[in-house]
Amino acid sequence: RDAAALWAYDLVMREDVTCGFRDLVVTALQMDPVVNEAEQLAVQVVNRVLSDESTILEAKRVLRDALADQELRNSAKETLWNIVIPWSSQRSTDEVKRNLRAAEDLAALPFLTEEERNFLRSLQLRLKNDGAKRPSAEPSKKSSASTREEPAPATTTTSQEEVHQEAADPPATPQ
């Protein structure tokens, strides 16, 4: 009798038997009747909890306490306004100023081509115009550059590699 128990124990503890049993249980739990019954049970539990009068009263109390907290209300209001009108925050004005300074610094680099400088000037102009259109920007900060037209791009200089590439692939004729 002890030998039979030991043999049964060894059989159950074998890796192939435990893996097979695990696979059997997982397959059984994934069957449609089991899944449907678990879903129905979950719906019943949630409905019972939500329809419980003490749960309803406690939820009302928690919401009333949360709405009474002025700091929470102000934070929620600011967050919602930043979602609805993101450009109205001070942060975006500071972002425009920071980006404008970065574009000015880049345009001052001595090794840039004229085309790159013109592109950066166009970018600066656009940043200034967009910054002036923002509600939080001060009207006095509009620069005289906002009345100028964007500079025309300069002619590009081509490297020898580009010339060879163009010779191999002639440009398409405009239509």
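Modeller: Before we start, buried means under 20% relative accessible area, exposed over 50%, and partly exposed in between (1.4 Å probe, protein chains only). This is a predicted model, with residues numbered from 1 along each chain as its sequence is written, and local features need pLDDT of at least 70. Side-chain atom pairs count only at pLDDT 80 or more, while totals for chains, interfaces and linings use all residues; side-chain values use heavy atoms, with hydrogens and water left out.

Colleague: How many helices and strands does the secondary structure come to?

Modeller: Helices (H or I, at least four residues) and strands (E, at least two) are DSSP runs, numbered from the N terminus. Reading from that end, the elements go α-α-α-α-α-α-α-α. The count is 8 helices and 0 strands.

Colleague: What share of the residues counts as buried?

Modeller: The cut-off is the one I opened with, under 20% relative accessible area. Applied to the 175 residues of the protein, the buried share is 10%.

Colleague: And what share of the accessible surface belongs to carbon and sulfur atoms?

Modeller: Accessible areas come from the Shrake-Rupley method with a 1.4 Å probe, and for residues only the protein chains shown count as cover. The protein's surface totals about 15100 Å². Carbon and sulfur account for 59%.

Colleague: Is Gln124 buried or exposed?

Modeller: Gln124 sits in helix α7, residues 114-133. Contact means heavy atoms within 4.5 Å, and beyond its neighbours within four places in sequence, Gln124 touches Leu100, Ala103, Glu104 and Ala107. Its relative accessibility is 11%, so Gln124 is buried.

Colleague: Now charges: how many salt bridges does a search of the whole structure find?

Modeller: Side chains of opposite charge can pair when their charged atoms come close. The test here is a side-chain nitrogen of Lys or Arg within 4 Å of a carboxyl oxygen of Asp or Glu. The search comes to 5.

Colleague: Which residues are linked with Glu58 in a network of salt bridges?

Modeller: Glu58 and Arg61 meet at 2.5 Å, N to O, and both are in helix α4 (residues 53-68), 3 residues apart or about one turn of the helix. An α-helix has 3.6 residues a turn, so residues three or four places apart point the same way. Glu58 is partly exposed because its relative accessibility is 39%. In the network, Glu58 is linked with Arg61 and Asp65.

Colleague: How far apart are the closest N and O atoms of Arg121 and Glu114?

Modeller: Both ends are partly exposed, Arg121 at 35% relative accessibility and Glu114 at 41%. They form a salt bridge, and the closest N and O atoms are apart by 3.4 Å.

Colleague: Which helix gives the most to the nonpolar patch?

Modeller: Patches use residues with over 30% relative accessible area and no salt bridge, joining like charges within 9 Å and nonpolar side chains (Val, Leu, Ile, Met, Phe, Trp, Tyr) within 5 Å. This one holds Phe21, Leu24, Val25, Leu29, Met31 and Val34, with about 570 Å² of accessible area together. Val25 is partly exposed at 34%. With 4 residues, the top contributor is helix α2.

Colleague: Which residue caps the N-terminal end of α5?

Modeller: Helix α5 (residues 70-84) has 15 residues and reaches 21 Å from first C-alpha to last, close to the expected 21 Å, which is 1.5 Å times one less than the number of residues. At its N-terminal end, a side-chain oxygen lies 3.3 Å from the backbone nitrogen of Glu71, and that oxygen belongs to Asp69.

Conventions: Polar contact = N/O pair within 3.5 Å; in protein donor to acceptor, adjacent residues only side chain to side chain.
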